[in-house]
Amino acid sequence: MAGIRALVAGNWKMYGVSDSLAMLDELASGLASGPTAACDVMLCPPSTLVAAAVARTKDTQVSVGGQDCHADVSGAHTGDISAEMLADAGAIAIIVGHSERRAEHGETDPQVRAKAEAAHRAGLTAIVCVGETEAERRAGQAVKVVSDQLDGSLPDAINAGNTVVAYEPVWAIGSGLTPTPEDVAEIHTVIRDNLIARYGDSGVDVRLLYGGSVKPANAVELMAVANVNGALVGGASLKAEDFLGIIAAFRS
Ligand code: PGA
């Protein structure tokens with residue numbers, strides 16, 4: 001929808017050590033030169049790098065998010081981190097419900113919802129991911145799967161400030177495959193309608209990101225789709241040149 005400021009968020013997944021943060025300098029200087037990017041820019045590095053990434057991007061157009069959190073504030077949960085800890089490190093958002101978490105850690109919709117609520121409790125934006133598998137799409141179930149995930153994974157009170165929804169078809173992640181613009185439009189329209197039905201006016205301007213093999217070569221086409229308000233980018237967020245190539249879709 002016109003008027004929604006886009007977001008291009010990068011998800012480094014389990015990639016990156018201290019030296020990788022040099023990418024942030026390249027990204028920030030790329031953003032500062034040339035035409036203004038009409039989008040917010042965020043990177044979500046592994047938690048070990050969040051505080052350093054926040055320090056490194058101070059006074060730049062780049063913000064920093066985390067990739068997952070525990071639902072509780074604190075507790076005996078060895079290896080986990082809370083939303084409050086990510087907020088303390090300077091993150092402004094947390095990706096929750098990524099399909100890799102759902103598949104590798106068996107995360108369910110109620111657990112994803114609890115994590116989104118934890119992000120809100122800590123004053124952070126929850127980037128809630130949904131998306132169907134290849135088998136589900138082939139079976140004609142994509143709309144139903146995404147709708148069910150939205151129903152189960154989103155908290156009862158969301159708005160454009162505290163929540164972003166990312167549609168990431170599982171089969172498109174890291175595969176080089178992308179849905180057609182028509183297929184993206186269909187799902188994003190379903191998501192927008194779902195949010196408006198459930199949240200009324202608060203659902204109108206929640207940002208809806210597309211994710212799954214977004215790269216410079218397809219960004220313009222995908223970002224032009226109705227109800228697509230930005231991208232969640234995995235592999236192509238690791239190199240400044242690629243990430244800037246995607247952001248270029250929002251520069252004129
Ligand atoms: P990809 O990953 O861009 O490497 O396909 C996207 C994601 O998992 O967020």
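These notebook entries record what I looked up about the ligand and the pockets of this structure.

**Basis.** I worked from a predicted model, in which local features need pLDDT of at least 70, side-chain atom pairs count only at pLDDT 80 or more, and totals for chains, interfaces and linings use all residues. Residues are numbered from 1 along each chain as its sequence is written, and side-chain values use heavy atoms, with hydrogens and water left out.

**Ligand shell.** I found 13 residues around the ligand, the closest being Lys13, His98, Glu168, Gly174 and Ser213. By class, the shell holds 4 nonpolar, 7 polar and 2 charged residues; Asp, Glu, Lys and Arg count as charged, Ala, Val, Leu, Ile, Met, Phe, Trp, Tyr, Cys and Pro as nonpolar, and the others, Gly among them, as polar.

**Polar contacts.** I took a polar contact as a pair of N or O atoms within 3.5 Å. For Lys13, a polar side-chain atom lies 2.7 Å from a ligand oxygen atom. For His98, a side-chain N or O atom is 2.7 Å from an oxygen atom of the ligand. For Glu168, the corresponding distance to a ligand oxygen atom is 2.6 Å. The protein buries 95% of the 280 Å² that the ligand exposes when taken alone (Shrake-Rupley method, 1.4 Å probe).

I noted that the ligand takes the space of the second largest pocket. A pocket here is an open set of points on a 1 Å grid over the protein atoms alone, where a 1.4 Å probe fits, with protein on both sides within 12 Å along at least five of seven lines; lining residues have an atom within 4 Å of a point. The second largest pocket holds about 260 Å³ of space, a volume being the space filled by probe spheres set on the points. Its lining has 17 residues, with Lys13, Ile173, Gly174, Gly234 and Gly235 nearest the centre. I recorded the classes of this lining as 7 nonpolar, 7 polar and 3 charged.

**Largest pocket.** I then turned to the largest pocket, with about 570 Å³ of space. Of its 20 lining residues, Met14, Gln67, Asp68, Arg101 and His105 lie nearest the centre. The lining comprises 6 nonpolar, 8 polar and 6 charged residues.

Technical notes:
Near = heavy atom within 4 Å. Polar contact = N/O pair within 3.5 Å; in protein donor to acceptor, adjacent residues only side chain to side chain. Sits in = over half its atoms within 2 Å of the grid points.
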